[in-house]
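Look at the sequence and the model together.

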Amino acid sequence: ELAKDDSVVAIGECGLDYYRNLEDQKSKIKNQNLQKEIFIKQIELARELKKPLMIHCRPKAGDDAYLDLLEILKSRNLNLKNGNGTAHFFAGSKEIAGKFLDLGFYISFAGPITFAKEYEDVVAQVPLDKILIETDAPFAAPAPHRGKRNEPSYVEFVARKIAEIKHLNFETVAQQTSENAKQLFKIK
């Protein structure tokens, strides 16, 4: 009932998190299956309410949550209002980003892109009109604040890094990513 309110702009943060998964195989499988069941219910809620999904996905070496999550998304044949949602705090590969884009999702980047070189190819590949920016405060502060408490105003550093990677000016990135958020979340 609460999610029907117009002030609720998305369903999430929901998805699969295998990072802190249990070590014994039986418990691990039970936990992953429970996460999948709950995620499917959240997808169905988003579909019913015609709201986008805010995806959280965190893999662990040997257990690729992104592949499992994408399989679920494909199997649900999403047809949600205003795009399907966003892959929050994206930490996947170019290939995984491409699969999210194929499903109509935005890709959201956070502070680590400012100091971790492995994100550069992914940021370069994702079209600017499909990028969102975030801080994920209070965690994952961008350079030059790395290691400190993150705060929303630091989102500027994420936008500046995207501009650098894409050889664009900061204002272009700031304006387009703001428009992307407004479009996805139907903000005027």
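## Two sides of a helix

On one side of helix 2, E71 and S75 are exposed. This is a predicted model. Helix 2 covers residues 65–75. Its buried residues are A65, Y66, L69, L70, I72 and L73. Viewed down the axis of helix 2, these buried residues fall within an arc of 160°, so they line one face of the helix. An α-helix has 3.6 residues a turn, so residues three or four places apart point the same way.

What do the buried residues of helix 2 pack against? Their partners are strand 1 (11–17), helix 1 (25–49), strand 2 (53–58), helix 3 and strand 4 (105–109).

## Two helix partners

Two packed helices are described by the angle between their axes and the distance between the axes. Here are the values for two pairs.

| Pair | Axes come within | Crossing angle | Handedness |
|---|---|---|---|
| Helix 2 and helix 3 | 11 Å | roughly 15° | left-handed |
| Helix 1 and helix 2 | 11 Å | roughly 40° | right-handed |

Start with helix 3, residues 94–102. The axes of helix 2 and helix 3 cross at roughly 15°. That makes helix 2 roughly parallel to helix 3, because angles under 35 degrees count as roughly parallel. Which residues meet in this contact? From helix 2 come Y66, L67, L69, L70 and L73. From helix 3 come I96, K99 and F100. By class, the contact of helix 2 with helix 3 has seven nonpolar residues, no polar ones and one charged.

Now take helix 1. The axes of helix 1 and helix 2 cross at roughly 40°. The two helices are therefore oblique to each other. In helix 1, K36, F39, I40 and I43 take part in the contact. They meet D68, L69, I72 and L73 in helix 2. The residues of this contact divide into six nonpolar, no polar and two charged.

L69 and L73 are listed in the contact with helix 3.

## A closer look at I72

I72 is found in helix 2. Is I72 buried or exposed? I72 has a relative accessible area of 8%. Buried means under 20%, so I72 is buried. Which residues does I72 touch, leaving aside its neighbours within four places in sequence? The contacts are L16, K36, F39, I40 and I43.

## Spots along the backbone

Some peptide bonds in the model are cis. One runs from G12 to E13, with omega near 0°. E13 is found in strand 1. Another cis bond joins A143 and P144, and its omega is about 15°. P144 sits in the loop between strand 5 (131–133) and helix 5 (155–166).

Positive phi values turn up too. Phi of F89 is near 45°, and F89 is a residue other than glycine. F89 lies in the loop between strand 3 (85–87) and helix 3. D136, also a residue other than glycine, has phi near 60°. D136 is in the loop between strand 5 and helix 5. How accessible is D136, and what does D136 count as? At 24% relative accessibility, D136 counts as partly exposed.

Conventions
Residues are numbered from 1 along each chain as its sequence is written. This is a predicted model: local features need pLDDT of at least 70, side-chain atom pairs count only at pLDDT 80 or more; totals for chains, interfaces and linings use all residues. Side-chain values use heavy atoms; hydrogens and water are left out. Axes are lines fitted to C-alpha atoms, for helices over the stretch in contact, and angles run from 0 to 180 degrees between N-to-C directions. Helices (H or I, at least four residues) and strands (E, at least two) are DSSP runs, numbered from the N terminus. Angles under 35 degrees count as roughly parallel, over 145 as roughly antiparallel, 65 to 115 as roughly perpendicular and the rest as oblique. A crossing is left-handed if the near helix is turned anticlockwise from the far one by less than a right angle, and right-handed if clockwise. Contact means heavy atoms within 4.5 Å. Ala, Val, Leu, Ile, Met, Phe, Trp, Tyr, Cys and Pro count as nonpolar, Asp, Glu, Lys and Arg as charged, and the others, Gly among them, as polar. Buried means under 20% relative accessible area, exposed over 50%, partly exposed in between (1.4 Å probe, protein chains only). The arc is that of the directions from the helix axis to the C-beta atoms.
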